[in-house]
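This report goes through the fold from its local backbone features to its sheets and helices. Keep the structure in view while reading.

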Amino acid sequence: MRLIGTDRARSTAPGEAPGEAPGIASGRVARVSRPARARVARAARAAAAVLVAAPLLSACSAESLPRLGMPFPVTNQGPRILLLWQASWLTALIVGGIVWGLIIWAVIFHRRKHPDDPLPKQTRYNLPIEVFYTVVPLIVVSVFFFYTARDEAKITAVKPNPDVRVQVNAFQWSWQFQYLDENVEVTGTPGHLPTLVLPKGESVEFLLHSEDVIHSFWVPAFLFKMDVIPGRDNKFEVVPEKVGEYAGKCAELCGAYHSEMLFNVKIVEPADYQKYIAGLKARSAQ
Ligand SMILES: [Cu+2]
């Protein structure tokens with residue numbers, strides 16, 4: 001049986017009325033011809049390649065694949081997040097390539113060749129193909145779900161005793177960073193961006209607190225953002241790994257000056273971090 005046939009030379013099966021979908025109008029169970037079975041087998045092999053690709057891609061490292069526009073990761077969690085992103089994109093591209101290929105194949109090889117050509121035989125259903133295109137997406141989504149759930153649990157895990165604890169207070173329209181164990185803080189305004197200084201190689205826990213509306217704490221170089229919700233303090237933990245200066249911003253439209261809600265992140269050596277904290281303490285003592 002053809003899905004949508006254009007083969008006008010196809011012979012009618014014994015007992016089948018001309019132009020009738022085999023086994024449908026007459027109430028018989030549809031049988032699948034050999035060429036159709038071969039096509040389903042080819043499609044099944046292509047789908048199997050996609051399904052195999054996802055776990056294989058996850059066995060690659062983030063550095064061995066293109067970053068696809070994502071920033072270079074600067075925390076211990078960055079490579080895991082980047083790889084999840086890369087594997088998802090590449091799997092989607094493979095699935096997209098197969099779908100585009102099938103569309104182009106149908107457009108080129110099954111186009112109407114003559115204006116007087118009759119409509120091709122209209123097939124109402126094909127059980128193997130329907131089972132195939134129901135089961136394969138379910139498997140693809142399950143693979144996506146498995147890796148997303150596994151990585152989300154690891155990315156959002158917090159340890160009981162982090163080296164540094166920073167409470168991030170978001171307000172319309174800037175940020176305050178409180179170093180909880182040192183009892184010092186830095187407060188910004190829309191015209192004066194606050195800088196969040198973090199020590200390289202030490203675990204930092206962020207406690208996200210909102211004073212008013214929903215904001216979102218986003219450092220693009222962390223490849224991560226988390227909502228800051230009034231009445232519900234979220235937390236996450238990272239180990240900064242690359243010394244440098246990075247941009248931070250609010251990623252939730254929170255009011256008129258949302259676009260001004262910017263801050264800087266500076267990852268420094270632990271000794272420089274201690275000097276910075278000592279300077280903040282000296283200034284607050286004045
Ligand atoms: Cu905001």
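A residue counts as buried if 20 or more other C-beta atoms lie within 10 Å of its own, and as exposed if 12 or fewer do. Asn 183 has 11 other C-beta atoms within 10 Å, so Asn 183 is exposed. Leu 223 has 24 C-beta neighbours inside 10 Å and therefore counts as buried. The model is predicted.

**Overall make-up**

The chain holds four helices and 10 strands. From the N terminus, the elements run α-α-α-β-β-β-β-β-β-β-β-β-β-α. Of the 286 residues in the chain, 18% are buried. Among contacts between residues at least 6 apart in sequence, 69% join residues at least 24 apart.

**Backbone exceptions**

Phi of Asn 183 is near 65 degrees, a positive value in a residue other than glycine. Asn 183 sits in the loop between S2 and S3. Phi of Leu 223 is near 55 degrees, again positive in a residue other than glycine. The place of Leu 223 is the loop between strand S6 (215–219) and S7.

Where is the cis peptide bond? Gln 172 and Trp 173 are joined by it, with omega about 5 degrees. Trp 173 belongs to the loop between S1 and S2.

S1 and S2 make a hairpin with two residues between them. Within this pair, Asn 169 stands opposite Gln 176 in S2. The next hairpin, of S2 and S3, has four residues between the strands, and Asn 183 takes its positive phi there. Phe 177 has Val 186 in S3 as its bridge partner.

**The sheet with S9 and S10**

The other open sheet to describe also has five strands, in the order S4-S10-S9-S6-S7, with mixed pairing. Which strands stand at its edges? They are strand S4 (195–199) and strand S7 (224–228); each has a single partner strand, so one side of each lacks a neighbour in the sheet. The twist here averages 25 degrees from one strand to the next.

Helix H4 (residues 270–285) lies across S4 and S10. H4 runs at about 135 degrees to S4.

| Strand | Partner strand | Bridges |
|---|---|---|
| S1 (residues 164–171) | S2 (residues 174–179) | Six bridges, antiparallel |
| S2 | S3 (residues 184–187) | Four bridges, antiparallel |
| S9 (residues 244–250) | S10 (residues 262–268) | Six bridges, antiparallel |

Helix H2 (residues 78–109) has 32 residues. At 1.5 Å a residue, H2 should span 46 Å, and its end C-alpha atoms are 46 Å apart, which agrees. The buried residues of H2 are Gly 78, Ile 81, Leu 82, Leu 83, Leu 84, Gln 86, Ala 87 and Thr 91.

How do H2 and helix H3 (residues 127–155) pack? Their axes are 10 Å apart, at an angle of about 170 degrees. An angle over 145 degrees counts as roughly antiparallel, so H2 is roughly antiparallel to H3.

From H2, the contact draws on Arg 80, Ile 81, Leu 84, Ala 87, Ser 88 and Val 95. From H3 come Val 140, Phe 144, Tyr 147, Thr 148, Asp 151, Lys 154 and Ile 155. By class, this contact of H2 with H3 has eight nonpolar, two polar and three charged residues. Ile 81, Leu 84 and Ala 87 are among the buried residues of H2, and they also take part in the contact with H3.

Methods. Residues are numbered from 1 along each chain as its sequence is written. This is a predicted model: local features need pLDDT of at least 70, side-chain atom pairs count only at pLDDT 80 or more; totals for chains, interfaces and linings use all residues. Two strands pair if DSSP finds at least two bridges between them. Axes are lines fitted to C-alpha atoms, for helices over the stretch in contact, and angles run from 0 to 180 degrees between N-to-C directions. Two residues are in contact if their C-beta atoms, placed from the backbone, lie within 7 Å. The expected span of a helix is 1.5 Å times one less than its number of residues. Angles under 35 degrees count as roughly parallel, over 145 as roughly antiparallel, 65 to 115 as roughly perpendicular and the rest as oblique. Ala, Val, Leu, Ile, Met, Phe, Trp, Tyr, Cys and Pro count as nonpolar, Asp, Glu, Lys and Arg as charged, and the others, Gly among them, as polar.
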